[in-house]
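Subject: Structure handover

Hello,

Here is the structure I said I would pass on. My notes on what was found follow below it.

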Amino acid sequence: MARRRWVFAGQLGQQFDDGGPMLIIEAKSVFGRRPIHRAKAHLILSALRHRARELGDRAEFHQVQRYSDVVDGRGDLEVIDPPSWSARRFVQRRDITVLPSRGFVTSEADFERWADSRGARRLLLEDFYRDVRSRTGILMEGQSPSGGNWNFDHDNRRPPPKNAATLGHAPWWPEEDDIDERVRRDLDHWQAEGSVRLVGDDGPRRFAVTDAEARLSLDDFLDYRLSDFGPYEDAMLQGDWTMAHSLLSVPLNLGVLNPREVVDAAEERYRAGHAPLNSVEGFVRQIAGWRDYVWHLYWHLGESYPTDHNHLNATAPLPPAFLTLDPDLITAHCLHETIDGMRRHGWAHHIQRLMVLGNWALQHGYAPAALNDWFVDMFVDGTPWVMPANVIGMSQHADGGIVATKPYAAGGAYISTMSDYCGSCRFNPKVRLGDDACPFTAGYWAFLDRTEGRLAGNARMREPLAALRRLSDREAVVDQERRREEW
Ligand code: FAD
């Protein structure tokens with residue numbers, strides 16, 4: 001008799017389905033462990049229920065308290081290796097057949113072979129990405145990268161177009177159905193009975209959760225927005241919360257969308273002359289490079305990586321504005337808008353995550369492991385595997401340089417160049433001392449002052465630290481930031 005395949009919330013697409021009987025379990029306890037963004041809980045429940053409906057009689061579908069209510073005591077199950085340390089432990093402890101993981105461009109075995117071949121050298125994204133391109137032939141002309149370059153980053157750092165309120169094309173949006181309506185009612189009920197602690201707003205649903213929706217979302221992105229993706233990848237506009245980003249991380253991380261198919265479809269647009277290479281390469285790099293790289297590092301660096309590392313000795317608790325997603329607690333316009341977007345959508349684009357939220361947390365020394373959990377819980381695309389390399393490594397430099405060579409810290413000047421936030425802000429990004437002092441600009445110097453000893457050995461921090469030592473008002477700025485109440 002064919003074994004029944006149990007699929008988790010990250011395994012809901014056709015790429016995890018080989019045609020046999022299936023098992024889907026909606027376990028309420030998963031949503032009650034910690035506070036969770038309401039839109040995220042909605043998306044996961046909606047995706048599970050839509051997949052169960054699509055599979056019809058081929059799937060057993062259970063709505064229970066715990067996974068063990070369904071799987072304990074049976075011996076007919078198989079799983080594709082699940083996407084978290086805790087889920088892997090759960091299945092390994094039971095009589096369940098485990099198949100190799102899927103859902104990425106490269107396999108875990110490919111990565112380990114590559115990592116072994118590096119010996120004692122660092123496992124840099126750029127080296128991994130070039131290896132993936134060479135081995136798969138993605139955007140390659142024989143042995144050489146398309147266009148003669150591996151990387152078009154210099155074309156992809158444009159500030160937003162002057163005086164533009166938006167980049168233009170609004171994205172495709174899904175239409176909600178009876179399943180979404182039921183999910184919303186169930187969440188209301190669970191919240192009222194106290195079994196979940198929901199944060200933020202929920203609705204209308206903005207991310208694809210089914211195969212059909214994901215294909216529409218992908219095609220719309222490729223047809224209308226991919227060309228702007230590259231140049232404006234790092235730009236921010238207060239009136240355009242999506243910019244030219246694909247909004248595909250949700251269907252990708254739910255397993256609904258196959259990343260190799262996404263990359264191939266983008267490459268096809270380039271080969272047909274419908275999208276410029278800088279945009280296509282930038283997009284391919286995010287998926288075949290970054291997404292695969294952080295997935296593999298999650299396993300390679302080990303389960304305790306987020307709690308083992310705190311290079312900058314950051315121990316501050318997360319502030320109420322983060323925990324409640326209440327933008328009214330924040331004056332600085334860039335942070336206010338980003339937290340407000342988080343409240344409404346449970347999503348922010350990459351540069352808001354890295355250079356607004358992450359930069360702020362780095363400057364204020366929030367404890368990295370707690371911040372890691374916050375990102376997992378509050379982002380609609382947050383998963384245990386995606387966060388450690390992004391938050392502990394890249395954003396907070398808590399690992400002392402395993403993932404990124406220096407901290408992503410910047411003052412208000414960066415935000416001012418790359419966005420239109422500062423024009424309507426009550427603070428001035430050029431000012432570091434006094435009433436108008438931008439909390440990012442002053443916070444940047446206060447951060448360097450606090451971490452000087454720990455960053456002194458980092459060659460890439462030599463210049464910023466020398467600039468800190470030249471500041472005539474260093475002590476006053478640090479003192480001001482220590483006592484700052486409005487930010
Ligand atoms: P696009 O900008 O259109 O990029 C295309 C795709 O590339 C994304 O859908 C995603 O699958 C992939 N991608 C791009 N960058 C990364 C990256 N650094 N790591 C992994 N995948 C990447 N990504 C998540 O999927 N979930 C998260 O919870 C998440 N949290 C992040 C937290 C921080 C502090 C940082 C710096 C980055 C985080 N990212 C996360 C990566 C990236 O910001 C998001 O993937 C992206 O913003 C999602 O929006 P999008 O689908 O429109 O992406």
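The shell around the ligand takes at least three residues from each of domain 2 (108–173 + 203–300) and domain 3 (310–483); domain bounds come from an automatic or database domain assignment. Please note that this is a predicted model, in which local features need pLDDT of at least 70 and side-chain atom pairs count only at pLDDT 80 or more, while totals for chains, interfaces and linings use all residues. Residues are numbered from 1 along each chain as its sequence is written.

Around the ligand there are 27 residues, and those that come nearest are His 245, Ser 246, Ser 249, Gln 286 and His 350. A residue counts as near a molecule or strand if its C-beta atom, placed from the backbone, lies within 6 Å of it. At least two residues of the shell come from each of helix 9 (249–253), helix 11 (277–300), helix 15 (350–364) and helix 17 (387–395). Helices (H or I, at least four residues) and strands (E, at least two) are DSSP runs numbered from the N terminus. The shell divides into 13 nonpolar, 11 polar and 3 charged residues. In that scheme Ala, Val, Leu, Ile, Met, Phe, Trp, Tyr, Cys and Pro are nonpolar, Asp, Glu, Lys and Arg are charged, and the others, Gly among them, are polar.

Domain 1 puts 10 residues into the contact and domain 3 puts in 11 residues, where two residues are in contact if their C-beta atoms, placed from the backbone, lie within 7 Å. On the side of domain 1 that touches domain 3, strand 3 (36–37) and helix 2 (38–55) are the elements that give two or more residues.

Overall fold and core

The chain has 21 helices and 9 strands. Its radius of gyration is 23 Å, close to the 23 Å of the globule rule for 487 residues, so the chain is as compact as a globular protein of that length. The radius is taken over C-alpha atoms, and the rule is 2.2 Å times the number of residues to the power 0.38. Along the principal axes, the C-alpha atoms fill a box of roughly 75 × 60 × 45 Å. Of the contacts with a separation of 6 or more, 73% are between residues 24 or more positions apart.

Buried residues make up 47% of the 487 residues. A residue is buried if 20 or more other C-beta atoms lie within 10 Å of its own, exposed if 12 or fewer, and partly exposed in between, with C-beta atoms placed from the backbone. The largest nonpolar core has 132 residues, and Ala 47, Ala 266 and Val 284 have the most contacts inside it. Helix 11 gives the most to this core, 10 residues. Such a core is a set of buried Ala, Val, Leu, Ile, Met, Phe, Trp, Tyr and Cys residues joined through C-beta atoms within 7 Å. Beyond its neighbours within four places in sequence, Ala 266 is in contact with Leu 222, Leu 226, Val 280, Phe 283 and Val 284.

Helix 16 (residues 368–378) is largely enclosed by the rest of the structure, because 9 of its 11 residues are buried. Among them are Trp 374, Phe 375 and Asp 377.

Backbone points to check

Most residues other than glycine have a negative phi, and most peptide bonds are trans. Gly 203 and Pro 204 are joined by a cis peptide bond, with omega about -5°. Pro 204 is in the loop between strand 9 (198–199) and helix 8 (211–229). Asn 313 has a positive phi, near 50°, and is exposed, with 12 other C-beta atoms within 10 Å. Leu 325 also has a positive phi, near 55°, but is buried, with 20 other C-beta atoms within 10 Å. Leu 325 is in the loop between helix 13 and helix 14 (333–345).

Regards
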